[in-house]
Amino acid sequence: MIPTTDRTDEETVELIREWLQQYGLTIIAGLVLGLGAIGGYRYWQNQQETQRLNESAQLDTLLQALEKNDLQAAAAPYDALLKESSDITALAALNMASAYQKADKKEDAQTALKLAAASPDPLVAQSARWQQALFQVENGDYDAALQSADALKNSAYAPQAAALQGLILEKQNKLPEALQAWQRSQELAPSPATAAEINALQAHLAVKEN
């Protein structure tokens, strides 16, 4: 091969021609595939954006129906969102679970909560578990509620979960454990109401000891 610095213009042109003959079709094909991939990606982005807008519209319709306590009207957009299995679907399930619980459709509520709890969005998943704990308390399943609350001890709901454990343990007359739960809640998120609960429990325990 002639060193690059020693080539004449004619030799350089000839080398380019040979190079194109050997690799030109491959390069052109690669460019076409590359442009096709870019076009395909842009199409995919547009499709994703369109789908996202449609899902948002369905969620908005669902929420408006739930605001009017119209569970039947919320069913159609919810069914449409269930076919997509996106984070918006999980958010819809979270809202539907509450509506189902109010309508005493406990099995539907549990199904919706399981779907929401599987969301890749941590806050949606934690919200579903928190709602699960509240439903369990409402349904009198206190031991299950304690477990659900315990699973939230490292979540955004940690202070509320500890307070819920305190309430349940008080109801079960497990006052020392209840006090610990209330104190944990106060450490995580200090509040006058929690402080008052702690003081009342401490006074009650002091009386029992005497």
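Trainee: Before we start, what should I keep in mind about the model and the numbering?

Mentor: This is a predicted model, so local features need pLDDT of at least 70, side-chain atom pairs count only at pLDDT 80 or more, and totals for chains, interfaces and linings use all residues. Residues are numbered from 1 along each chain as its sequence is written, and side-chain values use heavy atoms, with hydrogens and water left out.

Trainee: How many helices and strands does the protein have?

Mentor: Helices (H or I, at least four residues) and strands (E, at least two) are DSSP runs, numbered from the N terminus. Here you get nine helices and zero strands, so the pattern along the sequence reads α-α-α-α-α-α-α-α-α.

Trainee: And what share of the residues counts as buried?

Mentor: Buried means under 20% relative accessible area, exposed over 50%, and partly exposed in between, using a 1.4 Å probe and protein chains only. Of the 210 residues, 32% count as buried. On contacts (heavy atoms within 4.5 Å), residues 24 or more positions apart account for 44% of those with a separation of 6 or more.

Trainee: What sits at the two ends of H5?

Mentor: At the start, a side-chain oxygen of Asp121 comes to within 2.9 Å of the backbone nitrogen of Leu123. For a polar contact you want a pair of N or O atoms within 3.5 Å; within protein, one must be able to donate a hydrogen and the other to accept it, and residues adjacent in sequence count only if both atoms are side-chain atoms. After the helix comes Gly140, with a positive phi near 80 degrees.

Trainee: Which helices cover the buried residues of H5?

Mentor: The cover includes H3 (87-102), H4 (106-117), H6 (142-150) and H7 (158-171). Among the buried residues of H5 are Val124, Trp130, Phe135 and Gln136.

Trainee: Is Gln136 buried or exposed, and what does it touch?

Mentor: Gln136, in H5 (residues 122-138), has a relative accessible area of 11%, so it counts as buried. Leaving aside neighbours within four places in sequence, Gln136 is in contact with Asp141, Tyr142, Ala144, Ala145 and Ser148. Gln165 is buried at 9%, and with neighbours within four places left aside, its contacts are Leu146, Ala149, Asp150, Ala181 and Arg184.

Trainee: How do I read a pocket?

Mentor: Rolling a probe the size of a water molecule over the atoms shows where empty space is left. In detail, on a 1 Å grid over the protein atoms alone, a pocket is an open set of points where a 1.4 Å probe fits, with protein on both sides within 12 Å along at least five of seven lines; lining residues have an atom within 4 Å of a point. Grid points are joined across faces, edges and corners, and the volume is the space filled by probe spheres set on the points. The largest pocket here has a volume of about 180 Å³.

Trainee: Which residues line the largest pocket?

Mentor: Leu66, Asn69, Asp70, Leu71, Asn95, Ser98, Ala99, Lys102 and Ala103. H3 gives the most, with four residues. By class, the lining has four nonpolar, three polar and two charged residues; Ala, Val, Leu, Ile, Met, Phe, Trp, Tyr, Cys and Pro count as nonpolar, Asp, Glu, Lys and Arg as charged, and the others, Gly among them, as polar.

Trainee: What about phi outside glycine?

Mentor: Most residues other than glycine have a negative phi. Asn69 has a positive phi, near 60 degrees; Asn69 sits in the loop between H1 (9-67) and H2 (71-82) and is exposed at 68%. Asp104 also has a positive phi, about 65 degrees. Asp104 lies in the loop between H3 and H4 and is exposed at 55%.
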